Amino acid sequence: MAINWDEIRDQAVKWANEAGDVIRESFEKELTVETKSNADDLVTNMDREVEEYLINQIKETHPEHQILGEEGVGEEVTSLEGTVWIIDPIDGTMNFVHQQTNFAISIGVYHEGVGMVGVIYNVIYDEMFHAVKGKGAYLNNVKLPDLEEVPIEKSIIAINATWITRNKRIDPARLIPVVDRCRGTRSYGSAAIELAFVAAGRLDAYITMRLSPWDFAAGKVLIEEVGGRVTNLDGDPLDMLGRNSIFAGKADLHQLILDEYLSND
Ligand code: IPD
Ligand code: CA
Ligand code: CA
């Protein structure tokens with residue numbers, strides 16, 4: 001039987017909204033903050049609670065689907081066969097802890113490796129970005145227009161200061177000229193929000209060196225629905241089960257930056 005992707009989108013939107021309520025209510029309660037891989041890698045009781053909430057809804061409705069979640073509440077996913085939900089319960093945990101704003105719930109649904117549904121909920125702004133493959137992307141009930149090309153001199157690029165100073169992953173000398181030439185840079189501290197903003201035309205591109213599938217699965221669907229491109233920094237397709245560098249943006253700007261600044265030839 002053919003899968004009804006509109007229905008899956010409606011479910012993802014509903015559960016993201018409900019998870020948003022759970023998060024908003026948590027502001028009244030005390031938060032438990034722990035660290036994961038290092039002192040700046042934060043996780044809270046709410047990350048786990050929201051992931052559990054989403055996984056329970058998905059499992060109850062679609063017991064045959066796989067679920068890849070950041071906090072590992074679900075099972076281990078080693079293949080993209082069938083339908084796979086790729087979820088980040090709170091993207092931007094540092095913002096959630098320090099600022100109580102600029103964090104999002106990210107839900108991507110892939111089928112046989114192809115992104116079919118993308119939902120990003122910018123909780124505090126009550127902005128629901130959603131898309132079904134082939135049917136366009138929306139912000140709440142408004143269809144997002146196809147991205148309009150922009151010359152690099154008039155572009156705003158999301159990039160974290162980490163990548164233009166000494167770091168382990170890229171020679172900053174490769175990115176500094178891009179930062180010099182564009183109109184301005186921004187960094188919101190949530191990959192999902194940055195990708196949703198590229199889809200909405202608020203940002204012209206987003207460059208970062210290391211994201212996991214739950215950070216970009218939904219954003220990739222949104223951006224491709226409005227004609228944008230999402231690859232790694234070499235311009236290659238993303239590995240949906242592993243970590244990747246990410247370069248998302250308007251198609252022509254993406255090509256220009258790849259050709260003039262990122263390609264190794
Ligand atoms: C992080 C955010 C951040 C990005 C990090 C991610 P988390 O996700 O998206 O913007 O720079 O690499 O790990 O841990 O807050 O879900
Ligand atoms: Ca994340
Ligand atoms: Ca997270």
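Student: Leaving aside neighbours within four places in sequence, which residues is I120 in contact with?
Tutor: This is a predicted model, in which local features need pLDDT of at least 70 and side-chain atom pairs count only at pLDDT 80 or more, while totals for chains, interfaces and linings use all residues. Residues are numbered from 1 along each chain as its sequence is written, chains are lettered from A and ligands numbered from 1 in the order in which they are written, and side-chain values use heavy atoms, without hydrogens and water. Contact means heavy atoms within 4.5 Å. On that basis, the partners of I120 are A104, I105, S106, E127, M128, F129, A192, A196, A218, G219 and L222.

Student: Which residues have the most contacts inside the largest nonpolar core?
Tutor: A nonpolar core is a set of buried Ala, Val, Leu, Ile, Met, Phe, Trp, Tyr and Cys residues joined through side-chain atoms within 4.5 Å. Buried means under 20% relative accessible area, exposed over 50%, partly exposed in between (1.4 Å probe, protein chains only). The largest core holds 38 residues, and those with the most contacts inside it are I86, I120, Y206 and L222.

Student: Which element gives the largest share of this core?
Tutor: Elements are DSSP runs numbered from the N terminus: helices (H or I) of at least four residues, strands (E) of at least two. Among those giving two or more residues are strand 4 (83-91), strand 12 (205-211) and helix 6 (213-225). The largest share is eight residues, and it comes from helix 5.

Student: From which domains does this core draw at least three residues each?
Tutor: The domain bounds come from an automatic or database assignment. Across the boundary, 38 residues of one domain touch 23 of the other. The core takes at least three residues from each of domain 1 (5-143) and domain 2 (152-262).

Student: What separates the centres of domain 1 and domain 2?
Tutor: The chain is divided at 5-143 and 152-262. The centres are taken over C-alpha atoms. Their separation is 21 Å.

Student: Which residues coordinate the calcium ion (ligand 2)?
Tutor: Donors are N, O and S atoms within 2.8 Å of the metal (3.2 Å for Na, K and Ca); water is not among the atoms, so sites may look incomplete. The donors here lie at 2.1 to 2.2 Å. They follow the spacing D-x2-D-x123-D. Each gives an OD atom: D88, D91 and D215.

Student: Which residue coordinates both the calcium ion (ligand 3) and the calcium ion (ligand 2)?
Tutor: The protein donors of the calcium ion (ligand 3) include E70 (OE) and I90 (O), within a range of 2.1 to 3.1 Å. The two ions are 3.7 Å apart.

Student: Which are the edge strands of the open sheet of seven strands?
Tutor: Strands pair if DSSP finds at least two bridges between them. The order is 3-4-5-6-7-8-9, with mixed pairing. Each edge strand pairs on one side only: strand 3 (66-69) and strand 9 (142-143).
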